[in-house]
Amino acid sequence: MKRLARLLLVSCVLGGMLVCTHVDADIAANSAALWKVATLSVVDNGSDGSSAAGNSSSTDVYQFKDPALRDRFLQLTKVLRCPKCQDQSIGDSQAEIAADMRAKTAELLRQGKSNDQIVHYFVARYGDFVTFDPPWRVDTALVWLAPVGVFLLGLWLVIVQLLKARRRMQEPEEKTEDSSC
Amino acid sequence: MAVKKNSLWVFLPLVFFVALAVLLALSLGKNPDLIPSARKGEAVPHFQLPSLLHQGETVTPAIFKGHWTLLNVWATWCPTCHIEHPFLMRLAQQGVRIVGADYKDEPDKARALLATNGNPYIDVFSDKDGSFGLDLGVYGAPETYVIDPQGKIVLRHVGALEERDWKEQILPVWKKPTEGASL
């Protein structure tokens, strides 16, 4: 019985770890993208507020009059995902489409659009795929709830096993062979 | 009682494993590069872009009205577009109506290519800066969209269009009344 319990516990913990690693990998990929976006040139001392020349993705430069706008640009280019180089943000990717999306993001920011409106603009064209921050909906609930559920399941199993072990220690006279299959 | 209950728990890891194995096995054959079009069921976004074939004229979504049409997003810089070109020529010979969007390309180069390799398009418009492509949700050329006579997007095919894609993906919806469409 004890062996079975241990087997069960280990398999569930392993299962939980599998799910969690998967989620972690996504988060890690995301934060790697966040880190690398710092390499994208953003000039914040621009006076005219227009985008500078250059259409190659690795050298494009954006100038924003308002530092707040610049911060939002960096934020958005981290959270928007490149459809071509999946698992890279548009701030991180050198794909043509990412460059176009950065240009569009800058354009929409200058038009005074909110972050939500800008993300929505891309979601309407590229689907939920295009954001690293998936929305809360019935069909996406699993993405958000699965890790919590697996964690709670693991927690519950650990507690049950601990309680059982304690009970067994308190009643050492109980025979062990009758409970095994 | 307690023994019986516990014995069933033995199968939990197996169930867990089988479920995971099935999930992973089903995902093996999927191409992660294919993103479903968010524009499916919507009208083609508005555009008014210069025609490559008729100097001085512009093309708008009105070109889709009243006919089933393929909208093919292509460019001269795109090697896969060269690969699919002969098949588009064959479709055109069979009477399939194809409109081309010359995506982020030099109009002169595109015209020259059509002159040498043949032109499968009833009209081609130049989306030189890719803004129409962005509006449509294009993320790489070639992409082919099935447009119904109401100008709505029925289907998107990413990558070179081949005989097999035509038969398996497009023919099942081609000229079939779409949901909510009035005939």
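This is a predicted model: local features need pLDDT of at least 70, side-chain atom pairs count only at pLDDT 80 or more; totals for chains, interfaces and linings use all residues.
I started at Pro142(B), which sits in the loop between helix H5 (131-136) and strand E6 (143-147) of chain B.

**Backbone angles, chain B**

Next I looked for positive phi in chain B. Lys104(B) came up, with phi near 50°, a positive value in a residue other than glycine. I found Lys104(B) in the loop between strand E4 (98-103) and helix H4 (107-117) of chain B. Is Lys104(B) buried or exposed? I get a relative accessible area of 18% for Lys104(B), and the cut-off for buried is under 20%, so Lys104(B) counts as buried.

Lys175(B) went on the list too, with phi near 60°, again positive and again not a glycine. I located Lys175(B) in the segment after helix H6 (163-170) of chain B. Its relative accessible area is 56%, and exposed means over 50%, so I wrote Lys175(B) down as exposed.

**Chain A, overview**

Then I moved to chain A. I count five helices and two strands there, and from the N terminus on they run α-β-β-α-α-α-α. Chain A has 181 residues, of which 35% count as buried. I also looked up contacts in chain A with a separation of 6 or more: residues 24 or more positions apart account for 54% of them.

**Helix H2 of chain A**

At 1.5 Å a residue, its 13 residues should span 18 Å, and I find the end C-alpha atoms 19 Å apart, which agrees.

Which residues of H2(A) are buried? My list reads Leu69(A), Phe73(A), Leu74(A), Leu76(A) and Thr77(A). Looking down the axis of H2(A), I see these buried residues fall within an arc of 165°, so they line one face of the helix.

At the start of H2(A), I noted a side-chain oxygen of Asp66(A) within 3.0 Å of the backbone nitrogen of Ala68(A).

**H2 against H4, chain A**

Last entry: how H2(A) sits against helix H4 (residues 115-126) of chain A. I have the two packing at an angle of about 35°, with their axes 11 Å apart. The crossing of H2(A) past H4(A) is right-handed. What does H2(A) bring to this meeting? From H2(A) I wrote down Arg72(A), Gln75(A), Leu76(A) and Val79(A), and from H4(A) Asn115(A), Ile118(A) and Val119(A). Leu76(A) was also on my list of buried residues in H2(A).

Terms used. Residues are numbered from 1 along each chain as its sequence is written. Chains are lettered from A and ligands numbered from 1 in the order in which they are written. Side-chain values use heavy atoms; hydrogens and water are left out. Helices (H or I, at least four residues) and strands (E, at least two) are DSSP runs, numbered from the N terminus. The expected span of a helix is 1.5 Å times one less than its number of residues. Buried means under 20% relative accessible area, exposed over 50%, partly exposed in between (1.4 Å probe, protein chains only). The arc is that of the directions from the helix axis to the C-beta atoms. A polar contact is a pair of N or O atoms within 3.5 Å; within protein, one must be able to donate a hydrogen and the other to accept it, and residues adjacent in sequence count only if both atoms are side-chain atoms. Axes are lines fitted to C-alpha atoms, for helices over the stretch in contact, and angles run from 0 to 180 degrees between N-to-C directions. A crossing is left-handed if the near helix is turned anticlockwise from the far one by less than a right angle, and right-handed if clockwise. Contact means heavy atoms within 4.5 Å.
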